[in-house]
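User: I'm new to this one. Can you walk me through it?

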Amino acid sequence: MSDPTQPDPPPSAAGLPPSAAGLPPSAADLAPSAADARVEAPSPDVEQPADRTSVPGARRSEYTRMPTGPVGIEPVVASGPADTAGMPAVQWAPADEPVVEDNSRLAPWALVAAIVALVASWFVGWGIPLAVIAVIAAIMSLRRPVESRAIATWALVLGLAATIFSLGWLIWAAMQFEQIG
């Protein structure tokens with residue numbers, strides 16, 4: 001009796017290989033059979049962990065050997081001619097002129113302008129130009145690495161507050177002007 005899971009071969013090709021029966025060989029005929037398959041032992045370069053899992057594909061807790069060797073800490077020295085592609089070799093040297101250090105600070109001036117603009121905006125709306133100058137100076141000083149970020153942040157916040165108060169005064173004055181005129 002034949003296996004029910006396997007289809008019955010055609011009657012003309014029963015017992016004959018497919019090439020002898022005039023049929024082209026299929027991929028199943030060309031693939032190695034299960035009897036030819038074998039598992040080779042791992043090479044000695046692969047070290048198995050001591051606590052192997054019994055189920056294939058399960059997580060292993062750790063490996064007993066690092067995947068790479070130790071890295072040396074000696075400096076790498078390249079020797080030989082440099083490929084300059086016909087250009088003269090450039091030797092870098094420190095600059096002869098001294099580096100000019102920028103000691104001008106913008107953040108304190110921005111803070112002073114913001115405080116004056118805020119005080120002026122409590123009474124009149126014409127402090128808005130000074131408030132805008134304080135905001136611009138605060139933003140510029142926030143972008144400079146030598147400035148104090150805390151002072152520049154305070155200048156920005158107070159400058160924006162002065163701008164809002166001054167705009168409030170100007171809007172109120174414009175509404176009053178409409179009622180009069």
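**A first look**

Analyst: Let's start with Glu 147. Glu 147 is buried, at 7% relative accessible area. Buried means under 20% relative accessible area, exposed means over 50%, and partly exposed is in between, using a 1.4 Å probe and protein chains only.

User: What should I know about the model itself?

Analyst: This is a predicted model: local features need pLDDT of at least 70, side-chain atom pairs count only at pLDDT 80 or more, and totals for chains, interfaces and linings use all residues. Residues are numbered from 1 along each chain as its sequence is written, and side-chain values use heavy atoms, with hydrogens and water left out.

User: Back to Glu 147. Which residue does it form a salt bridge with?

Analyst: Arg 144. The closest N and O atoms of Glu 147 and Arg 144 are 3.4 Å apart. A salt bridge here is a side-chain nitrogen of Lys or Arg within 4 Å of a carboxyl oxygen of Asp or Glu.

User: Is Arg 144 buried or partly exposed?

Analyst: Partly exposed, at 22% relative accessibility.

User: How many salt bridges does the structure hold?

Analyst: One. As a general point, side chains of opposite charge can pair when their charged atoms come close.

User: Zoom out. How many helices and strands?

Analyst: Four helices and zero strands. Along the sequence the pattern reads α-α-α-α. Helices (H or I, at least four residues) and strands (E, at least two) are DSSP runs, numbered from the N terminus.

User: And how much of the chain is buried?

Analyst: Of its 181 residues, 15% are buried. The chain exposes about 15,500 Å², and carbon and sulfur atoms supply 66% of that. Those areas come from the Shrake-Rupley method with a 1.4 Å probe; for residues, only the protein chains shown count as cover.

User: Which residues make up the largest nonpolar core?

Analyst: There are eight: Ala 113, Ala 114, Ala 117, Leu 118, Ala 131, Ala 134, Leu 158 and Ala 162. A nonpolar core is a set of buried Ala, Val, Leu, Ile, Met, Phe, Trp, Tyr and Cys residues joined through side-chain atoms within 4.5 Å.

User: Which elements give two or more residues to that core?

Analyst: α2 (107-121), α3 (128-142) and α4 (149-180). α2 gives the most, with four residues.

User: What does Ala 134 touch?

Analyst: Ala 110, Ala 113 and Ala 114, leaving out residues up to four places away in sequence. Contact means heavy atoms within 4.5 Å.

User: Tell me about α3.

Analyst: Its buried residues are Ile 128, Ala 131, Ala 134, Val 135, Ala 137, Ala 138 and Ser 141. Pro 129 is also in α3, but Pro 129 is partly exposed at 49% relative accessibility.

User: Now the serines. Is Ser 166 buried or exposed?

Analyst: Buried, at 0% relative accessibility. Ser 166 sits in helix α4. Ser 166 touches Ser 121, Val 124, Gly 125, Gly 127 and Ile 128, not counting residues up to four places away in sequence.

User: And Ser 121?

Analyst: Ser 121 lies in α2 and is buried, at 1% relative accessible area. With residues up to four places away left out, Ser 121 touches Ala 162, Phe 165, Ser 166 and Trp 169.

User: How many aromatic pairs are there?

Analyst: One. Trp 169 and Trp 172 have ring centres 5.7 Å apart and planes at 90°, so the pair is edge-to-face. Rings of Phe, Tyr and Trp (its six-membered ring) pair if their centres lie within 6.5 Å; planes under 30 degrees apart count as stacked, over 60 as edge-to-face and the rest as tilted.

User: Where do those two sit?

Analyst: Both are in helix α4, three residues apart, so about one helical turn separates Trp 169 from Trp 172. Trp 169 is partly exposed at 31%, and Trp 172 is partly exposed at 45%.
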